[in-house]
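Dear colleague,

I am passing on the structure we spoke of, with the sequence alongside it. Please have it open while you read the notes that come after it.

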Amino acid sequence: MSEWMVTTSSAVVLDESILQLWLLGHNVDQATILRMPAIQPPVPSRVLKSYITSQYRTYEMMHHYLHHPRHFAGQFMFPLSQSAKQHLIERYYSFDEAVIREILGKKLSSRTRKDLDEVHEKTGIKLTSCRRQFDNLKRVMKKVEDAEGRTLIQDIEHQFLLPHHLARQYAHILFIADNKLDTFRKRLSCYQFTDFEYCGAVFMQYWTASTMDTLPEFDPHLAQDVRDLKSLILNDRGVLDEFRNRVSNNLAQSAHPPVLERIQSNFKVVLRNMLTVGCMINQQKDVRNIFVEITDKLVDAFLQVGWSPVDMELFYNGLIAEFHNTTSLTSRYRERYGTSWIRLVTGIKLASIRLYRQPTTQSLLTRSFTR
């Protein structure tokens with residue numbers, strides 16, 4: 001005679017407002033105080049506290065499973081619909097941008113985790129919530145760092161069942177962390193998480209090798225092409241003069257005369273600064289400072305000239321368009337390096353326009369095109 005094991009369970013009721021308080025790190029007493037004014041008609045505090053305690057107990061039991069989303073999605077201990085499970089996973093792996101801004105680019109180590117007290121004090125976010133967000137980042141990093149056969153975004157979606165937009169954010173955060181890109185210099189204090197996350201997306205799209213390695217690396221072949229271009233353009237007076245004249249003519253129909261004149265006189269320095277940034281990307285020690293280099297060498301320089309983001313975009317587009325028309329550079333080189341030139345300039349264009357932000361007066365006075 002066969003033996004059967006039968007289990008029964010009641011439906012799990014999830015209260016979104018209580019879930020949010022739990023994710024924010026509030027304890028039961030704090031959650032009770034925070035929820036009491038919103039309860040209509042009013043109920044005794046002991047009743048509300050009992051209800052919140054029950055909700056918290058459920059979330060604590062789910063806590064371990066949420067560390068392994070694919071396992072959580074397939075379990076039957078908690079009778080939830082697939083959409084409810086998916087919602088819980090997304091909410092658990094959501095994050096506060098202010099918290100991530102404070103750890104962005106840092107090594108995801110035990111020492112960084114110990115320093116989360118400072119993040120809590122600076123952001124006002126509960127320490128337990130800061131730790132959850134840090135631990136989620138570290139968990140995702142550990143899971144994807146050895147995987148192959150999928151892109152970083154695809155692997156995060158697959159391993160953690162996250163929606164595409166959230167998987168993309170995690171991918172960009174991990175890319176910045178893996179390359180240890182510095183986001184804490186004084187000049188960078190005016191930027192938010194979304195600025196760096198956007199730039200991380202740009203770097204991944206335009207400046208990494210086209211491979212299926214999960215954690216993409218900056219493309220060393222692109223860096224070598226940029227070094228070649230730096231020599232070919234800057235060391236040949238004929239190429240440099242023709243390129244400058246073509247770009248100037250391209251801009252003449254749209255740029256204001258004083259601005260155009262300033263760029264013409266500083267064209268070589270602007271070009272050198274761009275190419276210098278491009279040469280950094282496969283030098284681990286140098287690439288850490290890429291955000292500072294873009295702001296120092298390009299953003300602040302254009303601020304001095306008085307250009308708007310629209311003017312900057314026109315200038316960069318002119319650089320891309322006129323490269324192939326510069327006949328002083330032999331057609332062999334234009335064909336050989338054309339794609340790399342587009343990748344370089346497009347990446348710098350998107351990043352520098354996004355980082356176009358007025359620094360303090362003092363820091364601006366210390367910067368110029370000639371740095």
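The notes below go through aromatic pairs, helix packing and a few backbone features.

Please keep in mind throughout that this is a predicted model, and that the residue numbers count from 1 along the chain as its sequence is written.

I began with the aromatic rings, of which a search of the whole structure gives 23 pairs. One of them joins Trp22 and Tyr59, whose ring centres are 5.4 Å apart and whose planes stand at 35°, so this pair is tilted. Because Trp22 belongs to helix α1 (residues 16-23) and Tyr59 to helix α3 (residues 45-66), the pair ties together parts that are 37 residues apart in sequence. Trp22 and Tyr59 are both buried.

Another pair, made by Phe323 and Trp341, is stacked, with 5.2 Å from centre to centre and 20° between the planes. Here Phe323 comes from helix α19 (residues 309-323) and Trp341 from helix α20 (residues 331-354), so that distant parts of the chain, 18 residues apart, are linked by the pair. Both of these residues, Phe323 and Trp341, are buried, and they also belong to one aromatic cluster, whose other members are Phe243, Phe267, Phe302, Trp307, Phe315 and Tyr316.

Lys106 is placed over the face of Phe184, 4.9 Å from the ring centre, while the charged end of Arg332 is found over the ring of Tyr333, at 4.5 Å from its centre.

Some members of the cluster turn up again in the packing of helices. The axes of helix α16 (residues 267-279) and α19 come within 13 Å and cross at roughly 80°, and the two helices are therefore roughly perpendicular to each other. On the α16 side the contact is made by Phe267, Val270, Leu271 and Met274, and on the α19 side by Phe315, Tyr316 and Leu319; of these, Phe267, Phe315 and Tyr316 are in the aromatic cluster described above.

Helix α11 (residues 164-178) deserves a paragraph of its own.

In the loop between α10 and α11, Leu161 has a positive phi, near 55°, in a residue other than glycine. In the loop between α11 and α12, Lys180 likewise has a positive phi of about 55° although it is not a glycine. Lys180 counts as partly exposed, because its relative accessibility is 33%.

Lastly, the peptide bond from Gln40 to Pro41 is cis, with omega near -5°, and Pro41 lies in the loop between α2 (28-35) and α3.

Definitions and conventions
This is a predicted model: local features need pLDDT of at least 70, side-chain atom pairs count only at pLDDT 80 or more; totals for chains, interfaces and linings use all residues. Side-chain values use heavy atoms; hydrogens and water are left out. Rings of Phe, Tyr and Trp (its six-membered ring) pair if their centres lie within 6.5 Å; planes under 30 degrees apart count as stacked, over 60 as edge-to-face and the rest as tilted. Helices (H or I, at least four residues) and strands (E, at least two) are DSSP runs, numbered from the N terminus. Buried means under 20% relative accessible area, exposed over 50%, partly exposed in between (1.4 Å probe, protein chains only). A charge sits over a ring if NZ of Lys or CZ of Arg is within 6 Å of the ring centre and within 35 degrees of the ring normal. Axes are lines fitted to C-alpha atoms, for helices over the stretch in contact, and angles run from 0 to 180 degrees between N-to-C directions. Angles under 35 degrees count as roughly parallel, over 145 as roughly antiparallel, 65 to 115 as roughly perpendicular and the rest as oblique. Contact means heavy atoms within 4.5 Å.
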